[in-house]
Amino acid sequence: MSTAQLRAFLHAASGHDTQQKLLALLRETAQPVAVVTSFMTGPPGSSARSKRVFHGATLSSFTSIAMDPHPLVTFALRLPSRMATALESAEPDAPSHMVVNLLCAEQAALAVKFSRPDLYPEPFKSAPYTLTEEGLPVLEGSLGALSCKLVSSPLPLHDLQYLRQYGKSTGTASCKGRSLEDGVTSELFIAQVVRVEDLPMSEGQQDAPRTLPLLYHRRGYTSCQGLHSYTKSSQNPT
């Protein structure tokens, strides 16, 4: 093995070690669980575009990144992804492109349905929903729902050179494509929140305590009830 090959090997091994340590750390933190819903449309002019078939996917990463001057959220999708294809073919002038449904503690089964298309190829058949002004699905019982519009094309997270040039470029930088030989390919989507949807309340829900969020922690779904109880007891020691 040459010196250059040895350095490349050590660099790759160091990067893998960092990834594993980061994954282990993040598993100890709780992440909100969301399902993004959109239209599964075909290319412009195709018959599939007029059918307006719904599509949904459970997000492994979702966060709010800004409030001012525009409310922005972001999430990543691992490729290949039917949701990524659906969003990339969305009509640019549409008032909104998707709904981000923030799930409540009782919706763990729903998160599984939208994360396993191999087991649940048609999750909307058993997932009650209403429609937004644009006709996009809002999952009933969710903690909240955000109608969102993409602000740009997705960013290729595997192409660090492209990302480094992105902020400096005047449009000359180009994505090298989706293929990646030795790793996972993902894309980052940034969207503006155009509306917080008013969710219908079921009978008796007006007087019920505020719903708790669904969280992903240590490779499983949970909520913050235990943490909430601990916080209250720690403030009132016996």
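Mentor: Glu197 and Arg195 make a salt bridge, and their closest N and O atoms are 2.8 Å apart. The term salt bridge is used here for a side-chain nitrogen of Lys or Arg within 4 Å of a carboxyl oxygen of Asp or Glu. Before we go on, please keep in mind that this is a predicted model, in which local features need pLDDT of at least 70 and side-chain atom pairs count only at pLDDT 80 or more, while totals for chains, interfaces and linings use all residues. Residues are numbered from 1 along each chain as its sequence is written, and side-chain values use heavy atoms, with hydrogens and water left out.

Back to our contact. Glu197 has a relative accessibility of 14%, so it counts as buried; that word means under 20% relative accessible area, with exposed over 50% and partly exposed in between (1.4 Å probe, protein chains only). The contact also belongs to a network of salt bridges that links Glu133, Glu134, Arg195 and Glu197. Side chains of opposite charge can pair when their charged atoms come close.

How many salt bridges are there in the whole structure? A search finds five. One of them joins Arg116 to Asp118, with 2.6 Å between the closest N and O atoms. Arg116 is partly exposed at 34% relative accessible area, while Asp118 is exposed at 54%. Lys125 and Glu122 form a salt bridge too, their closest N and O atoms lying 3.0 Å apart. In that pair Lys125 is exposed, with a value of 68%, and Glu122 is partly exposed, with 48%.

From charges we can turn to the strands. Helices (H or I, at least four residues) and strands (E, at least two) are DSSP runs, numbered from the N terminus. Strand S2 spans residues 34–40 and is mostly covered, as six of its seven residues are buried. Two strands pair if DSSP finds at least two bridges between them. S2 runs antiparallel to strand S3 (residues 53–59), and seven bridges join the two; across this pairing, Ser38 stands opposite His55 in S3. S2 also pairs with strand S6 (residues 98–102), again in the antiparallel sense, over four bridges. There, Ala34 stands opposite Leu102 of S6. In a regular strand the side chains alternate between the two faces of the sheet.

Rings of Phe, Tyr and Trp (its six-membered ring) pair if their centres lie within 6.5 Å; planes under 30 degrees apart count as stacked, over 60 as edge-to-face and the rest as tilted. The count by this rule is seven aromatic pairs. In one of them, Phe39 and Phe54 are stacked, with 5.9 Å from centre to centre and 25° between the planes. Phe39 lies in strand S2 and Phe54 in strand S3, so this pair ties together parts that are 15 residues apart in sequence. Phe39 is buried at 14% relative accessible area, whereas Phe54, at 22%, counts as partly exposed. Phe54 also pairs edge-to-face with Tyr129, at 5.5 Å centre to centre and 85° between the planes. That pair links distant parts of the chain: Phe54 is in strand S3 and Tyr129 in strand S7 (residues 129–131), 75 residues apart. Tyr129 is partly exposed, with 31% relative accessibility. Ring pairs join Phe39, Phe54, Phe114, Phe124 and Tyr129 into a cluster.

Strand S12 (residues 215–217) pairs with S13 over three antiparallel bridges, and His217 has Gly220 of S13 as its bridge partner.

Last, a look at the cysteines. How many disulfides does the structure hold? The number is zero, where a disulfide is a pair of cysteine sulfur atoms within 2.5 Å. Cys104 is buried at 4% relative accessibility, and Cys148 is buried at 0%.
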